[in-house]
Amino acid sequence: MDGLVLTCDHDGRLRALHRVGSGLPGLTGKPGTPFPVLFGPDAVAGALDLFSGLRKSGRTIDQPVPSRIDPAGVFHVSGLGDAEGLVLAVARAPGGLSALLEELEALNPRLARRLAPLRSAVPAPAVPSADTLFDEMTLLNNELANAQRALAKANAELAASNEQKNRLMGMLAHDLRTPLQVVVGFAELLEQRLDGRLEATERACLERIRESSLSMRHMVEDALSLAALQAGRLRLARRPSDLAALVRRNVSMNRVLAEGKTITIELSVPERPLPMADIDPAKLDQLLNNLLSNAVKYSDRGGRVRVALSEVSDEAPGETPGEGGGRARLRVSDDGRGIPPAELAQLFQPFARTGRLGTEGEGTVGLGLYICRSIVEGHGGRITADSAPGRGSTFTVDLPLVASSP
């Protein structure tokens with residue numbers, strides 16, 4: 001029998017704490033501490049009621065004291081007051097006093113003698129009649145049925161609320177994406193029309209507009225994808241596409257963000273044309289945006305980010321490239337701070353956040369890599385991360401290719 005016996009003065013201040021069996025882990029305190037405090041902040045009120053009743057009646061049997069300290073959520077306390085002060089026996093289950101006293105007689109006979117008067121106060125267990133048991137079971141069944149109906153109603157309301165939330169998020173993100181595209185487009189148009197006539201300060205302001213607009217557009221795309229994923233409706237508009245051209249175009253766009261930290265993005269693509277990839281170009285753009293923005297975010301000013309596209313052949317021996325299909329491999333590497341092993345295991349989970357900010361204080365909500373994984377797996381591909389503190393990070397994406405030339 002595991003339990004505790006507390007000896008206190010008449011004012012309820014702890015003198016000593018005696019373990020029976022393994023004791024009650026978590027229920028502990030220093031001498032001089034008021035014993036109600038031992039049961040935790042949430043249980044002080046209930047323990048004070050016990051103390052007040054004990055002072056009035058002189059004893060208490062199996063009084064429950066709800067407490068978060070115990071896994072079961074409640075302790076059962078029996079005790080009395082004598083000439084020496086107060087003595088309290090604490091057990092996990094009602095009716096545990098008798099077993100606790102039996103073990104205590106061998107461990108601490110003097111303490112057992114102080115608690116002995118409680119033996120006569122322990123009521124004999126009542127044997128309920130069959131009718132009583134039937135009535136109690138009927139009552140419990142009715143309560144269970146009511147609880148199930150209430151739970152079903154709450155689940156339906158929660159599902160409706162979640163659907164409304166997803167729909168609202170999608171509407172907001174969609175309505176934000178269009179004006180952001182307009183801002184980016186007009187910023188590029190101004191830069192082209194006024195080329196050579198802009199002063200350095202004006203050009204920097206225009207670049208800041210483009211940079212901020214692109215960053216916001218990336219976040220809006222993530223919000224749209226999250227809403228679709230939560231609703232189970234992430235759809236891919238796949239078609240045979242030139243993956244190399246898509247990567248070149250995306251890197252060119254993201255160089256605007258990299259230039260804000262004077263970071264160079266180096267691109268390597270094969271000279272020989274790759275087979276067409278059966279992809280959703282918009283989703284692959286989003287994937288690259290997230291990988292590149294993370295690489296820039298966690299790289300120091302003046303650093304380098306490397307993007308490499310290659311073909312990994314799956315042909316059997318003797319086949320020429322392209323006959324047996326294959327995979328496109330995309331790698332995005334940086335020389336930044338790297339990721340600790342403990343965070344690496346949770347990296348592709350939703351709202352997984354690294355414990356560190358970007359090199360210039362940039363934050364994250366932890367959605368980008370989760371969305372990247374969802375996009376890659378939706379294409380039948382795979383994404384992995386290789387990183388360690390101090391040696392940067394490399395993200396590798398493998399995607400299936402269509403076995404035909406562009």
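This is a predicted model: local features need pLDDT of at least 70, side-chain atom pairs count only at pLDDT 80 or more; totals for chains, interfaces and linings use all residues.
Q: What makes a residue "buried", and how many of the residues in β1 are buried?
A: Buried means under 20% relative accessible area, exposed means over 50%, and partly exposed lies in between (1.4 Å probe, protein chains only). In strand β1 (residues 3-8), six of the six residues are buried, so by this definition each falls under 20%. G3, V5 and T7 point one way from β1, while L4, L6 and C8 point the other way, and all are buried. Across the protein, buried residues make up 38% of the 406 residues.

Q: How do you know that β1 and β2 pair?
A: Two strands pair if DSSP finds at least two bridges between them. Strand β1 and strand β2 (residues 14-20) are joined by six bridges, so they meet that rule, and they run antiparallel. One spot to look at is T7, which stands opposite A16 in β2. The hairpin of β1 and β2 has five residues between the strands, and here G12 takes a positive phi near 85°. Another partner of β1 is strand β5 (residues 85-91), joined to β1 by six bridges, again antiparallel. There, L6 has L88 as its bridge partner.

Q: Why are β2 and β3 called edge strands?
A: The open sheet here has five strands in the order β2-β1-β5-β4-β3, with antiparallel pairing. Strands β2 and β3 (59-66) are the edge strands, and each pairs on one side only. From one strand to the next, the twist averages 20°. Inside this sheet, seven bridges join strand β4 (residues 74-82) to β5, with H76 opposite A91.

Q: What makes us say that helix α1 packs on this sheet, and which strands does α1 touch?
A: Contact means heavy atoms within 4.5 Å. Helix α1 (residues 44-57) touches β3, β4 and β5, and its direction makes about 170° with that of β3. Angles run from 0 to 180 degrees between N-to-C directions; axes are lines fitted to C-alpha atoms, for helices over the stretch in contact. Helix α2 (residues 97-107) also packs on the sheet, touching β1, β2, β3, β4 and β5, and its direction makes about 95° with that of β2.

Q: Which strands form the sheet with mixed pairing, and which helix packs on it?
A: This open sheet has five strands in the order β7-β9-β10-β12-β11. Its edge strands are β7 (264-268) and β11 (382-387), and the twist averages 15° from one strand to the next. Helix α7 packs on the sheet, touching β7, β9, β10, β11 and β12.

Q: What makes a nonpolar core, and which residues touch the most other members of the largest one?
A: A nonpolar core is a set of buried Ala, Val, Leu, Ile, Met, Phe, Trp, Tyr and Cys residues joined through side-chain atoms within 4.5 Å. The largest one has 35 residues, of which V247, L291, V307, L309 and V397 touch the most other members. Helix α7 gives the most to this core, with seven residues. A second, separate core of 20 residues includes C8, L27, L50 and V77.

Q: Why is α9 described as largely enclosed?
A: Eight of the eleven residues of α9 are buried, so the rest of the structure largely encloses this helix. Among the buried ones are Y370, I371 and C372.

Q: How do α7 and α9 pack?
A: Helix α7 (residues 281-297) and helix α9 (residues 368-378) pack at an angle of about 145°, with their axes 9 Å apart. Residues in the contact include L287 and L291 of α7 and I371 and I375 of α9.

Technical notes. Residues are numbered from 1 along each chain as its sequence is written. Side-chain values use heavy atoms; hydrogens and water are left out. Helices (H or I, at least four residues) and strands (E, at least two) are DSSP runs, numbered from the N terminus.
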